[in-house]
Amino acid sequence: MLSLLENKKKVITLLAAFALLFAALPAFAAQRLELWNGEIKKGDISVRANGNMQEAAIDELISALGFAPKRDPASIIVTLDGKKIEFWNASNVVRAAGAIISFPLPVSVADGHWWGETKSLLTAFDHFYRAIGKPSSFRWGEASAAAPQPVKAEPTAAEAAPQPKSEEPPMPVKAEVEPKEEKKPQPIAIPKAEPRKDDADTGKSAAVPFTGSKRPIVVVDAGHGGHDPGAVANGVREKDINLKAAARLAELLRQQGVDARLTRGTDVYLKLAERTAFANKNDASVFVSLHCNAMPKGKSGVAGFEIYIMALPSDKDAMNLAIAENREISGGASNAKEVQQNADRKTQLLLKILGDMQQNDKINESTALTEVLHQSARSSGLPMRKVAQAPFFVLRGAGMPAVLVEMGYLTNAAEARKLNSASYRDQICRSLAQGIVRYIREHPVM
């Protein structure tokens with residue numbers, strides 16, 4: 001009899017525990033974060049966990065800010081005062097007022113929302129707000145839990161716009177209207193499927209290699225050379241690493257039927273302008289310039305793989321890197337202050353040109369190429385640090401998609417050792433070859 005009573009108590013206790021658990025489930029399922037701009041709360045935004053990172057609902061964030069976006073299955077775009085912030089499904093790259101923002105996780109669409117990593121979203125909208133002249137001091141506030149809300153299929157512009165708030169007048173809402181006949185180049189949407197293991201191991205695409213007389217031409221540029229060693233640290237010279245990597249990348253591309261051509265195949269010096277001129281003369285489909293990075297003393301811990309396109313600088317480090325790579329045309333200046341003091345006319349002219357060409361087709365195409373290379377680097381296990389933009393003179397005038405790749409930091413002792421090893425350079429080059437071939441197949445030259 002006592003045993004039966006004890007069992008009943010246990011059952012009742014378990015049922016009570018399950019009841020409490022189920023009662024708490026809605027709170028976990030609908031966690032939200034407060035979105036603030038300065039001292040003004042803009043709204044509560046749905047968030048979710050994705051691995052060890054947190055993502056927020058992009059569509060809710062846009063609505064909370066008072067925008068009516070243009071959306072389709074592949075993209076969601078906000079336009080105001082001629083500036084755009086653009087998100088693409090399955091893309092790690094977001095463009096805010098022409099600047100590239102690299103997200104650690106690809107944007108995704110699920111459960112009726114567009115999702116993006118929380119910190120990166122604030123960075124992107126901070127940049128967009130500054131570009132349109134609006135006060136920008138975004139931050140996430142306290143977390144809260146609420147009952148799940150029914151998901152609407154597609155909110156209209158009127159539904160998406162929030163009601164006016166007493167503490168701040170609503171921002172003017174402008175929906176983008178574009179002529180149907182106009183074709184806007186956009187970075188491609190990356191499929192979610194992972195590359196086949198045998199492809200990653202061999203560096204070969206599952207597709208048949210290019211054949212025939214009209215094979216795609218890729219120009220591979222080994223940065224620096226001759227009397228210009230580039231970065232030198234930990235007993236390694238950049239020009240040597242660049243040349244070895246360029247030769248290996250060209251070899252892997254040729255295995256795929258690509259007509260790969262080197263700007264330099266030996267330790268010779270080439271002017272920056274000669275490199276893209278060579279690519280233009282050879283009517284290349286893609287131009288890739290290979291480099292190694294360096295940091296000043298005290299920052300030897302910085303490491304990682306970086307990809308750049310030529311555009312207005314996305315951050316201070318990117319600008320300083322461009323100044324270092326542009327030293328040939330900037331009177332030997334070693335930092336931004338010296339460049340300003342020297343008032344180098346060529347650098348200033350280059351920046352002015354870039355300011356006028358933010359929407360240039362080649363920037364869009366280079367962005368698409370960058371995104372594919374970024375995805376390939378991540379899937380290959382490379383320590384991807386960032387995707388950014390800066391005014392690299394070596395990319396100026398390229399008549400094709402062009403990127404500059406910083407394979408790693410020679411000032412980081414561990415990374416310098418890896419870059420000096422054939423096996424690690426092979427890993428880098430296989431990743432680049434896979435990305436380049438994929439880009440060419442998805443963007444055939446007509």
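Predicted model: local features only at pLDDT ≥ 70, side-chain atom pairs only at ≥ 80, totals over all residues.

Leaving aside residues up to four places away in sequence, K83 touches V78, A97, F128, A131 and I132. A96 stands 13 residues from K83 along the chain, and the C-alpha atoms of K83 and A96 are separated by 7.9 Å.

Turning to the strand pairs, strand β2 (residues 40-50) and strand β3 (residues 53-57) pair in the antiparallel sense, with 4 bridges between them. N50 has M53, in β3, as its bridge partner, and the hairpin that β2 and β3 form has 2 residues between the strands, with G51 taking a positive phi near 65 degrees. Strand β3 is also joined by 3 bridges to strand β10 (residues 113-117), and β3 and β10 run antiparallel; here E55 stands opposite E117 of β10.

The last stop is a helix, α7, which spans residues 272-281 and whose buried residues are L272, R275, T276 and A279. These residues cover an arc of only 85 degrees around the axis, which is why they lie on the same side of α7. After α7 comes D283, whose phi is positive, near 50 degrees.

Note on methods. Residues numbered from 1 in each chain as written. Heavy atoms only, no water. Buried < 20%, exposed > 50% of the residue type's maximum accessible area, 1.4 Å probe, protein only. Arc of directions from axis to C-beta. Pairing = 2+ DSSP bridges. Contact = heavy atoms within 4.5 Å.
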